[in-house]
Structures are given as structure tokens and as C-alpha cells.
Amino acid sequence: MNIPNTLTIMRILLIPVLVVVFYMPFRHHLLVAALIFTVAAVTDWLDGYLARRLGQMTKFGAFLDPVADKLMVAVALVLLVERHDTKLLTLAACVIIGREIVVSALREWMAELGQRTSVAVSYIGKVKTAFQMIAIIGLLAIDPVRGDSWLLAASYLMLYLSAVLTLWSMIIYLRAAAEVMKGR
């Protein structure tokens with residue numbers, strides 16, 4: 001049994017659960033939705049750690065893990081855009097989702113050229129992911145109408161910072177790809 005792949009599949013299966021809970025009309029549904037997203041975020045880190053630690057890295061896992069991450073984040077951002085209904089949050093969500101599409105396509109293209117490692121995950125990408133996950137958890141948990149204003153503001157700020165880091169990391173990936181193309 002490949003534990004990392006099982007965790008990745010579980011993360012994908014949590015997506016519809018997140019959506020259903022987010023819209024359920026019970027008292028603490030937003031906190032439960034945030035908890036579901038938190039579990040998914042932790043399993044994102046855990047499956048990578050376990051794959052390396054247990055020597056269970058597979059091509060299937062290398063493909064599916066980033067897909068699961070991007071699906072979970074994109075779905076959560078869409079939910080937040082609808083719930084929070086602000087232009088700046090919508091812009092940040094579009095930047096984050098758009099970057100994920102561009103970088104995924106770039107990685108696939110570079111892999112076809114045998115240069116996948118030239119667009120490997122950078123330190124900026126890891127910081128961006130941490131900010132993004134914390135922001136999404138906070139924004140999922142807080143009702144924008146009745147929520148605590150300082151916590152909501154902090155979550156918005158984290159999301160906006162992650163959007164800036166998202167653009168920065170995309171530029172790093174595009175420059176790395178451009179360098180590879182110059183050499184061809």
C-alpha cells in the first residue's frame with residue numbers, strides 16, 4: 001500500500017466534502033470547512049514527506065500530488081470569491097489560479113524537453129504556498145459579514161501577499177524556462 005498516494009487521493013475526495021460543508025446551513029459550517037481544508041493542507045505536506053521518507057515516490061504520485069493541490073486551492077478560492085464578493089479577493093484568486101495553470105503547462109512542456117528540473121519548486125513557491133494555505137484557512141473560517149475584523153483583515157493580507165509571491169515565483173519559472181530555450 002502506497003501511503004502517500006492514498007493521502008493524495010483522500011485530498012481529492014475531500015474537495016466535494018469541502019463544497020457541501022461550506023454551503024450546509026448548520027451553525028459552525030465555516031469552521032468545519034476550514035478544518036477540512038486544513039486536513040487537506042496537512043496531507044499535502046505529509047504525503048511528500050512520507051514519499052521521501054518511506055521511499056514510496058511514484059510517477060503516479062508525482063503527477064497526482066500537484067493536481068490534487070491545485071484542485072483543492074482552486075475550489076476553495078472559487079468558494080471564497082462567491083462568499084466574500086470583493087474585487088481585490090477576486091483579483092487575487094484569478095492571479096493564483098492563472099499562475100497555477102501557466103506554471104503547470106510550463107512544467108509539462110519543460111518535462112517534454114527533458115528539462116523538468118529547471119522549473120522545480122523554488123523557495124519562493126514554498127513560502128507562497130504557506131501564505132496561501134494560511135489565508136485560505138482563515139478566509140474559509142470567518143464569515144465576512146459577522147467575522148472578527150482584525151482576523152479577517154489578516155487573512156486578506158496573507159492572500160494578497162501570496163498573490164504577489166505567486167507572480168514573483170511565476171516570473172522565476174518563466175526566466176528559468178527562457179534560459180533553457182536560449183541554449184537550444
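The largest cavity has a volume of about 40 Å³. This is a predicted model.

Q: How should I read a cavity, and how many cavities of 30 Å³ or more are there?
A: Rolling a probe the size of a water molecule over the atoms shows where empty space is left. In a cavity, the probe fits but cannot get out. Here the count comes to one cavity of 30 Å³ or more.

Q: Which residues line the largest cavity?
A: A lining residue has an atom within 4 Å of a grid point. In this case the lining is made of Arg11, Phe37, Ala40, Ala41, Asp44, Asp69, Met72, Val73 and Met133.

Q: Which helix gives the largest share of that lining?
A: Helix α2 does, with four residues. At least two residues come from each of α2 and α3.

Q: What is the make-up of the cavity lining by class?
A: Six of its residues are nonpolar and three are charged, with no polar ones.

Q: What is the volume of the second largest pocket?
A: A pocket, unlike a cavity, is an open set of points. The second largest pocket holds about 190 Å³ of space. Eleven residues line it, and Arg27, Leu30, Ala141, Asp143 and Arg146 are the closest to its centre.

Q: Which classes and which helix make up the lining of the second largest pocket?
A: By class, there are four nonpolar, three polar and four charged residues. Helix α2, residues 29-54, gives the largest share, three residues.

Q: How do I read a nonpolar core, and which members of the largest one touch the most others?
A: Think of buried nonpolar residues joined through side-chain atoms within 4.5 Å. The largest core has 33 residues, and Leu18, Phe37, Ile136, Leu140 and Leu159 touch the most other members. Two or more residues come from each of α1 (3-23), α2, α3 (59-84), α4 (87-112), α5 (123-141) and α6 (149-182). The largest share, seven residues, belongs to α2.

Q: Beyond its neighbours within four places in sequence, what is Leu159 in contact with?
A: Its partners are Leu77, Leu89, Ala92, Ile96, Ala135 and Leu139. Another core, of seven residues, lies apart from the largest one; Val103, Met110, Ala177 and Val180 are among its members.

Q: Where does UniProt place the feature "transmembrane region"?
A: Such an annotation may be inferred rather than shown by experiment. The unreviewed UniProt entry gives residues 7-24, 30-50, 118-142 and 154-174. In the model, residues 30-50 are 100% helix, with end C-alpha atoms 30 Å apart. Residues 154-174 are also 100% helix, and their end C-alpha atoms lie 30 Å apart.

How values were computed:
Residues are numbered from 1 along each chain as its sequence is written. This is a predicted model: local features need pLDDT of at least 70, side-chain atom pairs count only at pLDDT 80 or more; totals for chains, interfaces and linings use all residues. Side-chain values use heavy atoms; hydrogens and water are left out. On a 1 Å grid over the protein atoms alone, a cavity is a set of points where a 1.4 Å probe fits but cannot get out, and a pocket is an open set with protein on both sides within 12 Å along at least five of seven lines; lining residues have an atom within 4 Å of a point. Grid points are joined across faces, edges and corners, and a volume is the space filled by probe spheres set on the points. Ala, Val, Leu, Ile, Met, Phe, Trp, Tyr, Cys and Pro count as nonpolar, Asp, Glu, Lys and Arg as charged, and the others, Gly among them, as polar. Buried means under 20% relative accessible area, exposed over 50%, partly exposed in between (1.4 Å probe, protein chains only). Contact means heavy atoms within 4.5 Å.
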